[in-house]
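Subject: Structure for you to look at

Hello,

Here is the structure I said I would pass on. Please open it first, then read the notes below it.

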Amino acid sequence: MGFIVDEKLQGITMEERSLMAYQQYQAYQNNSVNTASPGELTLMLYNGCLKFIKHAKKAIEEKDYQNKNIMIQKTQDIVRELMVTLDQNTPITKEIMPLYDYVYHALTQANIHNDLEQLEQARSILEDFRNTWKEVIKKERIRQHGQGVNA
């Protein structure tokens with residue numbers, strides 16, 4: 001029994017197929033960002049931080065200091081963006097900003113000293129923020145749209 005091959009794909013190399021798949025994935029990613037609510041964008045930023053910290057940890061363990069630096073700087077860029085976009089008129093900002101400052105400082109120390117403990121402290125705080133934010137989004141969806149269909 002043979003495979004059915006779409007006529008459009010005949011004669012296309014695996015590299016070209018891979019490029020096409022990657023371009024479709026990029027279009028999906030761009031669409032996800034463009035259609036996301038502000039809350040979902042914030043969640044994406046937290047997830048990005050956690051992903052970059054994971055890569056930074058691996059880079060430290062493998063003594064790949066150039067990549068470690070890049071990953072930590074990407075995380076710091078996101079944390080800086082989260083700090084800048086905080087609404088200074090809300091009371092919770094006074095509680096969140098010191099934590100962001102601490103995370104930024106821990107990332108700096110992790111980068112300078114290849115310090116996995118500082119990296120872990122930053123990760124832990126950002127993961128707590130991410131998990132809290134995820135719950136906020138979930139509750140807001142329920143508030144707006146109801147419980148949905150029960151299985």
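The largest nonpolar core has 26 residues, and those with the most contacts inside it are Val79, Tyr100, Val103, Leu107, Leu119 and Leu126. The elements that each give two or more residues to this core are helix H2 (38-61), helix H3 (65-84), helix H4 (93-113) and helix H5 (116-145). Please keep in mind that this is a predicted model.

Apart from its neighbours within four places in sequence, Val103 is in contact with Val79, Ala122, Ile125 and Leu126.

Next, the aromatic rings. A search of the whole structure finds two aromatic pairs. In one of them, the ring centres of Tyr46 and Phe129 are 5.9 Å apart and the planes are at 5°; under 30 degrees counts as stacked, so this pair is stacked. Tyr46 is in helix H2 and Phe129 in helix H5, 83 residues apart, so the pair links distant parts of the chain.

How buried are these two residues? Tyr46 has a relative accessible area of 4% and Phe129 has 13%. Buried means under 20%, so both residues count as buried.

Tyr100 and Phe129 also pair, with ring centres 5.1 Å apart and planes at 40°, so this pair is tilted. Tyr100 lies in helix H4 and Phe129 in helix H5, so the pair ties together parts that are 29 residues apart in sequence. Tyr100 is buried too, at 2% relative accessibility.

Taken together, ring pairs link Tyr46, Tyr100 and Phe129 into a cluster.

Regards

Technical notes:
Residues numbered from 1 in each chain as written. Predicted model: local features only at pLDDT ≥ 70, side-chain atom pairs only at ≥ 80, totals over all residues. Heavy atoms only, no water. Core = buried A, V, L, I, M, F, W, Y, C linked by side-chain atoms within 4.5 Å. Buried < 20%, exposed > 50% of the residue type's maximum accessible area, 1.4 Å probe, protein only. Helix = DSSP H or I, 4+ residues; strand = E, 2+ residues; numbered from the N terminus. Contact = heavy atoms within 4.5 Å. Phe/Tyr/Trp six-rings, centres within 6.5 Å; stacked < 30°, edge-to-face > 60°.
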